[in-house]
Amino acid sequence: MMLKAMRKQEGFTLIELMIVVAIIGILAAIAIPNFIQYQMRSRTSEAKTNLSAIKTANLAFQAENRCYLSSLVPAVATPAAIPNNGALVAWPIAAAAASGVVQCFTPAGVAAQATGTFGDIGFVPAGAVRYQYSLQATAAATVAPGPVKGGATCVSPLAAGPGNAPTTGFLASSEGDLDGNGGAAGNAANGLFMVSDISNVTNCLNNVLAVLPGRQHVGPVLEIIRGARATLVSLTPHKGSLEDLFIREVKNKQPELREAV
């Protein structure tokens with residue numbers, strides 16, 4: 001009796017298991033790259049938020065000191081290098097501290113130093129950063145409308161600003177390499193945002209994402225699915241409805257996969 005009962009027990013067939021594997025592969029090939037891309041785009045909010053804060057801080061500095069400041073300590077750009085792959089990098093202590101020198105004009109009205117730290121204008125990011133920031137004051141007023149995508153001022157890297165006052169305009173930039181397909185400042189594959197004293201934050205580069213993890217594996221996934229179909233055909237002398245459904249679903253999903261990537 002027990003032997004008969006065991007024979008009546010049913011489990012998953014090889015075809016059913018292969019269908020499940022194929023569906024999981026298709027969902028992963030579509031969902032994972034799109035999730036990573038969404039995650040990267042959400043990280044660009046740091047650049048926009050910090051640039052807006054830098055603009056507000058430098059405008060307030062100019063209202064009090066009669067000149068705009070350029071970042072020069074510890075370097076023209078902070079951090080010293082663009083964080084690789086969007087890694088979080090601590091904000092340098094030297095950039096956060098005030099330089100403690102006379103800036104813009106002396107009490108007697110003599111032109112003084114117009115360079116310093118981000119701390120001099122009162123800007124310090126809330127935490128570690130994924131972008132590199134630069135602030136360049138200009139002797140001449142900023143030409144309207146300010147940085148625009150494809151425009152002459154929407155470029156990187158920014159040069160050092162004038163050493164002394166007067167300065168009547170400024171540009172600030174944030175440049176990053178969230179997906180690891182860019183590199184040093186000025187690379188066309190980097191993400192670049194800019195702002196000026198007369199404009200809002202502008203996205204200067206398209207920041208085209210590199211081939212994301214998972215996308216380059218879509219072709220191999222399809223090959224695995226085709227191989228699984230061939231194996232099922234060879235192992236199953238009588239092709240039933242489950243196999244027909246499997247083959248039909250795979251064929252239907254191939255255009256959707258290619259369009260998604």
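Which residues does Phe118 touch, not counting residues up to four places away in sequence? Phe118 touches Ile54, Ser71, Thr78, Trp91, Ala95, Phe123, Tyr133, Ser134 and Leu135, where contact means heavy atoms within 4.5 Å. Before going on, please keep in mind that this is a predicted model, in which local features need pLDDT of at least 70 and side-chain atom pairs count only at pLDDT 80 or more, while totals for chains, interfaces and linings use all residues. Residues are numbered from 1 along each chain as its sequence is written, and side-chain values use heavy atoms, with hydrogens and water left out.

Phe118 also belongs to the largest nonpolar core, which has 26 residues; Ile54, Phe118, Ile121 and Tyr133 have the most contacts inside it. Such a core is a set of buried Ala, Val, Leu, Ile, Met, Phe, Trp, Tyr and Cys residues joined through side-chain atoms within 4.5 Å, and buried means under 20% relative accessible area (1.4 Å probe, protein chains only). At least two residues of this core come from each of α3, β4, β5 and β6, with α3 giving the largest share, 5 residues. Helices (H or I, at least four residues) and strands (E, at least two) are DSSP runs, numbered from the N terminus.

Now to the sheet: its 5 strands form an open, antiparallel arrangement in the order β2-β4-β5-β6-β7. β2 (77–78) and β7 (199–203) are at the edges with a single partner strand each, so one side of each has no neighbour in the sheet. β2 pairs with β4 (residues 131–138) in the antiparallel sense over 2 bridges; pairing requires at least two bridges found by DSSP. Thr78 has Tyr133 in β4 as its bridge partner.

How values were computed
Buried < 20%, exposed > 50% of the residue type's maximum accessible area, 1.4 Å probe, protein only.
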